[in-house]
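Please read the following report alongside the sequence and the coordinates.

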Amino acid sequence: MAVRPYWKGQIRLALVSIPVEIYSATKSGATIAFNQIHEPSGKRIKYEKVVPGIGPVDIDDIVKGFEYAKGEYVLLDDEEIEGVKLESKKTLELTQFVDAQDIDEIYFEKPYYVVPADELAEEAFIVLREALRRSHKVGLGQLAMRGREYVVSIKACGRGLVMETLRYADEVNKAASYFRDIGAGDPDEELLDLATTLIEKKTGKFDATDFHDRYVEALRELIDRKKKGKTLNIESDEGDKESRGSNVVDLMAALKKSIGSGDSKARSAPKKSPAKAAAKKSPAKAAARKRA
């Protein structure tokens, strides 16, 4: 089945309009959902809508309410809520451009792939893509989709573009309230050098396929074994547990050990020096040289 676009419209840059289609760039992965089951009967538990002191109620009598004070609600019906929803405009106007690093990563929410809607749009699409890539800029605009308005960014990605919805400022907790108690002093220079060396040693190219959700994999294995009437023997590996007996950590020693832990076997078994090699010669050969 062909994938349907999440949104169809046009990107506008000044007087240039580019017809595009937008597709979700992510999918709900291997999340495993559980249901609550009544064990004696094996049947799924259902939930009833009830009012304290009244009991079960008719679904037609349920409306939405906003609690403005404890136990006090403003009631809203579906028509009133629909009346304030924004129409999905068919135009995303890029009103500002910023350096990519100017947007803190915490504001990025959900990515979408953007492609030209047809061959006629391809030339203008490529021009915009390469202009963004060459300038190292990100385009910003606001887009109404499915009843609400989003701040979005547009940036080059391979042969296409990626649009990302951004969180509004009031949706992000201020970091200062969490970080204020962390010391502001500079770290020990030698410790910093060791940590930097360790980072450089473990630096490589990112490949998302290198990482797997081991918890979900273990759950699937457990479910599969239970279906076959087997049980999974889960034992804690005491050998892998770190000692919790002391909070004192020799950071210098730990960093040095971390840097050396990945050395090759050749490095772990260094070549013997000529002096040491001579000391290992047999006593008989040494005595023969003396008599000569």
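Is His136 buried or exposed? With a relative accessibility of 61%, His136 counts as exposed. The model discussed here is a predicted one, and the values quoted throughout are computed from that model.

## Two loop residues with positive phi

His136 is situated in the loop between helix 2 and strand 12, and its phi is near 55 degrees, a positive value in a residue other than glycine. A second case is Ala14, placed in the loop between strand 1 and strand 2, where phi is near 60 degrees, again positive in a residue other than glycine. Ala14 has a relative accessible area of 59% and is therefore exposed.

Eight strands make up an open sheet with mixed pairing, and their order is 9-1-2-11-14-13-12-10. Strand 9 (91-93) and strand 10 (96-99) stand at the edges, and because each has a single partner strand, one side of each is left without a neighbour in the sheet. On average, and with direction ignored, neighbouring strands of this sheet are turned by 40 degrees against each other.

Within this order, strand 1 (residues 7-13) pairs with strand 2 (residues 16-24) in the antiparallel sense over seven bridges, and Ile11 has Ile18 of strand 2 as its bridge partner. Strand 2 is in turn joined to strand 11 by five bridges, the two running antiparallel, and here Ser24 stands opposite Tyr112 in strand 11. Six bridges, likewise in the antiparallel sense, connect strand 11 with strand 14, where Phe108 finds its bridge partner in Leu166 of strand 14.

## Helix 2 against the sheet

Helix 2 (residues 119-135) packs on the sheet, and the strands it touches are strand 1, strand 2, strand 10, strand 11 (108-116), strand 12 (137-145), strand 13 (148-157) and strand 14 (160-166). The direction of helix 2 makes about 80 degrees with that of strand 2.

Which residues does Val16 contact, leaving aside its neighbours within four places in sequence? They are Ile11 and Ala124. Val16 and Ala124 lie 108 residues apart in sequence, yet their C-alpha atoms are 8.1 Å apart in space. Val16 itself is found in strand 2 and, at 42% relative accessibility, counts as partly exposed.

## A buried residue and a nonpolar surface patch

Thr165, which is placed in strand 14, has a relative accessible area of 2% and is buried. Not counting residues up to four places away in sequence, Thr165 touches Tyr107, Phe108, Glu109, Lys110, Tyr112, Tyr150, Val151 and Val152.

At the surface, Phe66, Tyr68, Val74 and Leu76 form a nonpolar patch with about 400 Å² of accessible area together. Strand 7 (64-69) and strand 8 (72-76) are the elements that give two or more residues to this patch. Phe66, a residue of strand 7, counts as exposed at 55% relative accessibility.

## Salt bridges

A search of the whole structure finds seven salt bridges. One of them joins the side chains of Glu21 and Lys8 at 3.8 Å, N to O, and this pair links distant parts of the chain, with Glu21 in strand 2 and Lys8 in strand 1, 13 residues apart. Glu21 counts as buried at 14% relative accessibility, whereas Lys8 counts as partly exposed at 47%.

The side chains of Asp99 and Lys137 also meet in a salt bridge, with an N to O distance of 2.4 Å; Asp99 lies in strand 10 and Lys137 in strand 12, so the pair ties together parts that are 38 residues apart in sequence. Asp99 is partly exposed at 25% relative accessibility, and Lys137 is partly exposed too, with a relative accessible area of 30%. In a further pair, Glu164 and Lys155 meet through their side chains at 3.3 Å, N to O. Here Glu164 is buried, with a relative accessible area of 12%, while Lys155 is partly exposed, with a relative accessible area of 34%.

How values were computed
Residues are numbered from 1 along each chain as its sequence is written. This is a predicted model: local features need pLDDT of at least 70, side-chain atom pairs count only at pLDDT 80 or more; totals for chains, interfaces and linings use all residues. Side-chain values use heavy atoms; hydrogens and water are left out. Two strands pair if DSSP finds at least two bridges between them. Helices (H or I, at least four residues) and strands (E, at least two) are DSSP runs, numbered from the N terminus. Axes are lines fitted to C-alpha atoms, for helices over the stretch in contact, and angles run from 0 to 180 degrees between N-to-C directions. Contact means heavy atoms within 4.5 Å. Patches are made of residues with over 30% relative accessible area and no salt bridge: like charges are joined within 9 Å, nonpolar side chains (Val, Leu, Ile, Met, Phe, Trp, Tyr) within 5 Å. Accessible areas come from the Shrake-Rupley method with a 1.4 Å probe; for residues, only the protein chains shown count as cover. A salt bridge is a side-chain nitrogen of Lys or Arg within 4 Å of a carboxyl oxygen of Asp or Glu. Buried means under 20% relative accessible area, exposed over 50%, partly exposed in between (1.4 Å probe, protein chains only).
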